[in-house]
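Open the model in your viewer and keep the sequence panel beside it. This tour moves from one selection to the next.

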Amino acid sequence: MTPIYTALAVLVTFIWGVNFTFIAWGLESFPPLMLTALRFFFTAVPLVFFLKPPKFNRTLLIYAIGTFVMQYAFVFTAMHLGASAGLTALLLQIQIFITVLLAYFILGEAVSRMQIIGMLVGVLGLSVIALNLGGDMPLAGFVCILIAAIGWSFGNIASKQASTQATQQGSDGAIIPSNTGSNKASALSALALVVWGGLIACVILTLSSLIFETEAWQLATFTEASLKSWLSLGFIVYVSTLIGFGLWAHLLSQNTASKVMPFALLVPVFGMTTSVLLTGEIVTWWKMLAMILILSGLVLANIKIKLGRKR
């Protein structure tokens with residue numbers, strides 16, 4: 001990768017890392033499901049009127065529910081229940097290990113010995129957090145983040161299946177970036193997936209919020225929300241979701257995934273660092289040990305990953 005692409009990759013991971021702190025600030029004024037619904041409403045509108053929708057099928061629905069509804073609803077809920085921004089950013093990376101397992105059982109992809117070792121090391125890091133529940137990571141928050149990671153993993157599998165189907169059919173509605181087609185077209189297709197998937201998520205999340213957060217749906221919730229919470233929502237929507245995803249899609253369209261994806265390991269590092277600096281989260285020995293183990297497991301799991309090989 002060229003220096004400019006490397007800088008962009010680091011910038012995106014920084015944006016996604018600090019985003020967890022902005023989520024915490026947004027939750028100061030809005031309940032979790034409402035904040036998640038607002039996120040995807042402003043993600044979809046007005047771009048939904050300008051981007052061609054991807055082909056609607058079961059795969060797209062699973063992607064929207066797993067990646068957007070389950071992941072973000074449960075992450076926001078976990079942080080609402082007291083999970084710190086730093087630990088949430090770290091624990092959520094367990095989704096990579098779950099994705100590898102799902103790819104093995106659902107897609108028949110081979111799992112290397114190094115990936116197995118990486119997953120075992122990652123589980124040790126997960127165990128360190130589980131043995132220190134309370135305070136920055138309540139049990140309910142821990143469970144919510146694991147559910148969010150599972151949802152994200154199913155979304156990853158659905159995204160890969162949609163990409164494979166689009167490639168086989170030669171469709172102009174490819175779901176995620178591909179190095180074999182037009183860079184501009186694949187980036188726009190990726191953005192269309194986020195926007196239209198966000199619209200689906202917005203409908204589901206709004207209905208869920210109306211059911212479980214009925215009392216919050218009053219004018220006072222919006223008029224009395226702090227400026228910090230509104231600005232945080234703006235960051236979550238326009239900087240983290242649209243700009244962050246747009247840059248990431250551009251990087252994937254210009255470089256191989258094997259060169260871009262390892263930069264995602266910086267997200268929990270930036271997430272923990274910015275949480276410490278901006279929210280006063282305390283770094284303990286067990287948090288550092290959990291981070292070292294989980295990140296080491298992710299590094300091992302990303303060594304010579306060969307996607308698409310059948311067992």
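**First stop: Thr21**

Select Thr21, which is found in helix 1. Helices here are DSSP runs of H or I with at least four residues, strands are runs of E with at least two, and both are numbered from the N terminus. This is a predicted model, in which local features need pLDDT of at least 70, side-chain atom pairs count only at pLDDT 80 or more, and totals for chains, interfaces and linings use all residues. Residues are numbered from 1 along each chain as its sequence is written, and side-chain values use heavy atoms, with hydrogens and water left out.

Is Thr21 buried or exposed? Thr21 is buried, at a relative accessible area of 0%. Buried means under 20% relative accessible area, exposed means over 50%, and partly exposed is in between (1.4 Å probe, protein chains only).

Now show what surrounds Thr21. Leaving aside neighbours within four places in sequence, Thr21 is in contact with Ala85, Thr274, Ser275, Leu278 and Thr279. Contact means heavy atoms within 4.5 Å.

**Along helix 1**

Go to Thr13, also placed in helix 1. Thr13 is buried, with 0% relative accessibility. A polar atom of the Thr13 side chain lies 2.8 Å from the backbone oxygen of Val10. A polar contact is a pair of N or O atoms within 3.5 Å; within protein, one must be able to donate a hydrogen and the other to accept it, and residues adjacent in sequence count only if both atoms are side-chain atoms. Not counting residues up to four places away in sequence, Thr13 touches Trp248, Phe263, Ala264, Leu266, Val267 and Phe270.

**Zoom out**

Switch to cartoon. The protein has 13 helices and zero strands. Of its 311 residues, 50% are buried. Take the contacts with a separation of 6 or more: residues 24 or more positions apart account for 85% of them.

**Aromatic rings**

Colour Phe, Tyr and Trp. Their rings (for Trp, the six-membered one) pair if the centres lie within 6.5 Å; planes under 30 degrees apart count as stacked, over 60 as edge-to-face, and the rest as tilted. How many aromatic pairs does this rule give? The count is twelve. One is Phe22 with Trp25, edge-to-face at 5.3 Å centre to centre and 80° between the planes. Both residues lie in helix 1 (residues 3–26), three residues apart, about one turn of the helix. Phe22 is buried at 17% relative accessibility, and Trp25 is buried with a relative accessible area of 17%.

Next, pick Phe41 and Phe42. They form an edge-to-face pair, 5.1 Å centre to centre with 80° between the planes. Phe41 is partly exposed at 38% relative accessibility; Phe42 is partly exposed at 28%.

Then select Phe40, Tyr63, Phe68, Tyr72 and Phe76, a cluster linked by ring pairs.

**A cis peptide bond**

Centre on Pro46, in the loop between helix 2 (32–44) and helix 3 (58–80). The peptide bond from Val45 to Pro46 is cis, with omega near 10°. Most peptide bonds are trans.

**The nonpolar cores**

A nonpolar core is a set of buried Ala, Val, Leu, Ile, Met, Phe, Trp, Tyr and Cys residues joined through side-chain atoms within 4.5 Å. The largest has 85 residues, and Phe20, Leu91, Ile129, Met137 and Leu205 have the most contacts inside it. Helix 3 gives the most to this core, with eleven residues. Select Met137: beyond its neighbours within four places in sequence, it is in contact with Ala83, Leu87, Thr88, Leu91, Ile129, Phe142 and Ile145. Apart from this core lies another, of nine residues, including Tyr5, Val12, Leu252 and Phe263.

**Last selections**

Pick Ile150 in helix 7 (residues 139–169). Ile150 is partly exposed, at 35%. Its C-alpha atom is separated by 9.8 Å from that of Phe97, 53 residues apart along the chain.

Finish with the cysteines. How many disulfides does a search of the whole structure find? It finds zero; a disulfide is a pair of cysteine sulfur atoms within 2.5 Å. Cys144 is buried at 10% relative accessible area, and Cys202 is buried at 9%.
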